[in-house]
Amino acid sequence: MFTGIVSDIGRVRAVRDTNRDRRFEIETGYDLATVEIGASISHAGCCLTVVEKGANWFAVEVSTESLEATTLGSLGEGAAVNLERPTRVGDELGGHIVSGHVDGVGEVILVEPESGSHRVTVRAPRPLHRFIARKGSIAIDGVSLTVNEVEGDVFGVNIIPHTWDVTTLGGLKPGAKVNLEIDMLARYLARWQDTA
């Protein structure tokens, strides 16, 4: 489990397809002595397993399903990616509970400055949009944010300067694709409604 509080911006140093999946090597500022092989790390909101590590990098393998269901398939060498290590029992929950399971890919349709912050408007894929609520939580590329408004399949968030500066969200432009994870409560409510 994660909280949507990004703790490093990694950089893709190598990408290659293997006979199993696609392998990414990620440069990081993390102290890799504290990261075990088999550990989970969130990459732009996608929970992936560390399979190898070096002095300042680690490797993950991404399945075809994850490549097709997220933005990871578009990452090339040099790309920046939000990273978050999992929350431990007793850690402060600074954002909201995030599973690292991307629900869909949205498209940024507007980015505009607003009183020192930035307003970002995103179109969510249908039918995922039904589970995004005003003043609810959403993770965009692994970043915990509060939804400010919703109209149909379009929603807006306000990104404060700190978050703009310390995550990849500061590079968003109209047309960009972003990983979305809806609030966990909404996920289970949707499942309950489907079976009721």
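**Stop 1: Ser144**

Select Ser144, which sits in strand β10. Helices and strands here are DSSP runs numbered from the N terminus, with at least four residues (H or I) for a helix and at least two (E) for a strand. Show what surrounds Ser144: leaving out residues up to four places away in sequence, Ser144 touches Thr3, Gly4, Gly95, His96 and Ile138. Contact here means heavy atoms within 4.5 Å. Is Ser144 buried or exposed? With 18% relative accessibility, Ser144 counts as buried, because buried means under 20% relative accessible area, while exposed means over 50% and partly exposed lies in between (1.4 Å probe, protein chains only).

Before you move on, a word about what is on your screen. This is a predicted model, in which local features need pLDDT of at least 70 and side-chain atom pairs count only at pLDDT 80 or more, while totals for chains, interfaces and linings use all residues. Residues are numbered from 1 along each chain as its sequence is written, and side-chain values use heavy atoms, with hydrogens and water left out.

**Stop 2: the nonpolar cores**

Now select Val120, Ile138, Ile140, Leu145, Phe155, Val157 and Leu180. These are the residues with the most contacts inside the largest nonpolar core, which has 22 residues. A nonpolar core is a set of buried Ala, Val, Leu, Ile, Met, Phe, Trp, Tyr and Cys residues joined through side-chain atoms within 4.5 Å. Colour the strands that build this core: β8 (117–123), β9 (137–140), β10 (143–151), β11 (154–159) and β12 (177–182) each supply at least two of its residues. In soluble globular proteins, nonpolar side chains tend to be buried together.

Zoom in on Leu180. Setting aside neighbours within four places in sequence, Leu180 is in contact with residues including Val102, Val105, Leu128, Ile138, Ile140 and Phe155.

**Stop 3: strand β8 and its partners**

Select β8 next. This strand is mostly covered, as 6 of its 7 residues are buried. Strand β7 (residues 104–114) runs antiparallel to β8 and is joined to it by 7 bridges. Strands pair if DSSP finds at least two bridges between them. Which residue of β8 is the bridge partner of Leu110? Click on Thr121 to find it. Strand β11 is also antiparallel to β8, with 6 bridges joining the two, and here His118 stands opposite Ile159.

Follow the chain into the loop between β7 and β8, where you will find Ser115. The hairpin of these strands has 2 residues between them. Ser115 has a positive phi of about 55 degrees although it is not a glycine. At 81% relative accessibility, Ser115 counts as exposed.

Then look in the loop between β8 and β9 for Pro127. A cis peptide bond joins Arg126 and Pro127, with omega at about 5 degrees.

**Stop 4: the barrel**

Colour β1 to β6. A closed barrel of 6 strands runs β1-β2-β5-β4-β3-β6, with antiparallel pairing. Start with strand β1 (residues 8–17) and strand β2 (residues 22–27), which pair over 6 bridges and form a hairpin with 4 residues between them. Arg11 has Glu27 as its bridge partner, and Val12 stands opposite Ile26. From β2, step across to strand β5 (residues 57–62), joined by 6 bridges. On this side, Glu25 stands opposite Ala59.

Ala44 is buried, at 7% relative accessibility.

**Stop 5: Thr70**

Finish in the loop between α1 (64–69) and β6 (80–84), where Thr70 has its place. Thr70 counts as buried, at 13% relative accessibility. What is Thr70 in contact with, leaving aside its neighbours within four places in sequence? Look for Cys46, Val102, Val105 and Asn179.

Now show the side chain of Thr70. One of its polar atoms lies 2.6 Å from the backbone oxygen of Ser66, and the side chain of Thr70 reaches the backbone nitrogen of Leu72 at 3.1 Å.

Key. A polar contact is a pair of N or O atoms within 3.5 Å; within protein, one must be able to donate a hydrogen and the other to accept it, and residues adjacent in sequence count only if both atoms are side-chain atoms.
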